[in-house]
Amino acid sequence: MHHLRENEQVMKLAALIDGLNVTRITGDGAVEITGITKDSRSAGRGSLFFATKKSMAYIEEALRLGATAVAAEETPERPVPCLILTPDVDELLGNVAARFFGMPSKDLFVAGITGTNGKTTTTFLMESMAREAGRNAGVIGTISYRYGGQVLSAPNTTPGAVELHGLLQEMRLAGTEIVAMEVSSHALDQKRVEGIDFDMAIFTNLTQDHLDYHKTMEEYKEAKTLLFTRYLEMSAKKRKYAVLNLDDPEVAVFQPGLNVRTLTYSIHEEADAFLVSGTETIDGLSLRVSLRGETMDLRSGLVGMFNASNILAACLFGYGAALPREAIQKGVEHLTGVPGRLERVANGQGISVFVDYAHTPDALQKVLGLLGRLKTGRLIVVFGCGGDRDAAKRPIMGGIASHLADFSIVTSDNPRSEKPEKIVKEIVSGFNGGPFKTIENRRDAITEGLSMARPGDVVLIAGKGHEDYQIIGDRTLHFSDREVAEEYLNVAHG
């Protein structure tokens, strides 16, 4: 929970909920609130506890720890000194959090980005462009939360509503002007971005992912569209932009209402930002792009033509945020790579080694297809699938690897509570072609893949990317694909 700091106000409850979606309030509306939380364990003196349907049983604990008021969707069994009834606790929480922290998003240029792939890379590009323009940028995303010279680890791609508004307030106080924020489908479904005034929403693409949570692709798509059809439309900002990828077949459902200006990008056809021409090599991209009618030449260390799509999206962000052309250009050129996103592991052995986060069938197909096109020798892939997650994709990913790689090593990812050999078996059941071997221990699998490689070969270590841990059973152990690869490449070949 966020407790008072010098820069925060004690707010009267009535002021926090005035005009919001509240059906009834019992108790004293003039009571002073010093903190807000959804977690009963972090309640304290003067706090307002938000009880979801699942956490009604914890109201007593919150009160015992000093909570002054409770917001809930139904009346609790035991009397509460001050109760706010609302039809939607999560919606109320976001709007109350925004007020409690002084509506920080009003003073920031906030660009939210959603889509299955490309979010992280695009935020890195946006941050790089803002930096080149001399603007203070903050980033909220999968790899870290960054602003004002600080880097905080990211427990979630998009934090909960209280943490999020608190973070935006910290960013504002640190002199941040522009915020690039990854917005996950989970966050949209759970209304974590409620109360944020967005200036821009960017859509990258939509492919199968998170079906363990959303159940159907239709539900997943509906969650993603909320960034445009709800949050961008409701935003109080005067100029608002929707940046849409024309190359995605689902793009039409992301089209917001008339009070938002739409900007489009495409690799294949004319748009507000489009690719005039481009070449890709194992070392990066050379692109000629048209941005709002003006042509620019860009060089990028990012590998793969799909990154041209991320670069175009970032160029439109630069246009919407009124960054100079030169800053957009330099921002692209100065970003050498993104942690765990086709991240190159330097070595003196003449092999190209990449660590990549590809953990969906679509992402694995894209990255293997790309490296297969650019390789001069063989393509060796080391990958697994996470436990307790969408199991249907395992044989699909096995099939993709068997067709697109010259050799596959199937191993563990984060097995969680499942048996690694069961997951490996399910992946292997999809193999119908290329040669493979199974090595359950991920470290051994990576060193085997690297020891097989000869000059000119490409080794892809897929699935975990930037993660520096492995979850086995209920234990989280330190593990980094990049560190293991670096260690082997330096030690084994001196």
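**View 1. The charged end of R146 sits over the ring of F124, 4.2 Å from the ring centre.** A charge is taken to sit over a ring if NZ of Lys or CZ of Arg is within 6 Å of the ring centre and within 35 degrees of the ring normal. The model is predicted, so local features need pLDDT of at least 70 and side-chain atom pairs count only at pLDDT 80 or more, while totals for chains, interfaces and linings use all residues. Residues are numbered from 1 along each chain as its sequence is written, and side-chain values use heavy atoms, with hydrogens and water left out.

**View 2. K464 lies over the face of Y469.** The distance to the ring centre is 5.2 Å.

**View 3. F203 and F254 form a stacked aromatic pair.** Rings of Phe, Tyr and Trp (its six-membered ring) pair if their centres lie within 6.5 Å; planes under 30 degrees apart count as stacked, over 60 as edge-to-face and the rest as tilted. By this rule there are five aromatic pairs. In the pair of F203 and F254, the centres are 3.8 Å apart, with 15 degrees between the planes. F203 belongs to strand 13 (residues 200–203) and F254 to the loop between strand 14 (241–245) and strand 15 (261–266), so the pair ties together parts 51 residues apart in sequence. Strands here are DSSP runs (E, at least two residues), numbered from the N terminus. Both F203 and F254 are buried (under 20% relative accessible area, 1.4 Å probe, protein chains only). Ring pairs link F203, F228 and F254 into a cluster.

**View 4. F431 and F436 form a tilted pair.** Their ring centres are 4.4 Å apart and their planes stand at 40 degrees. F431 is buried, at 13% relative accessible area, whereas F436 is partly exposed at 34% (between 20% and 50%).

Terms used:
Helices (H or I, at least four residues) and strands (E, at least two) are DSSP runs, numbered from the N terminus.
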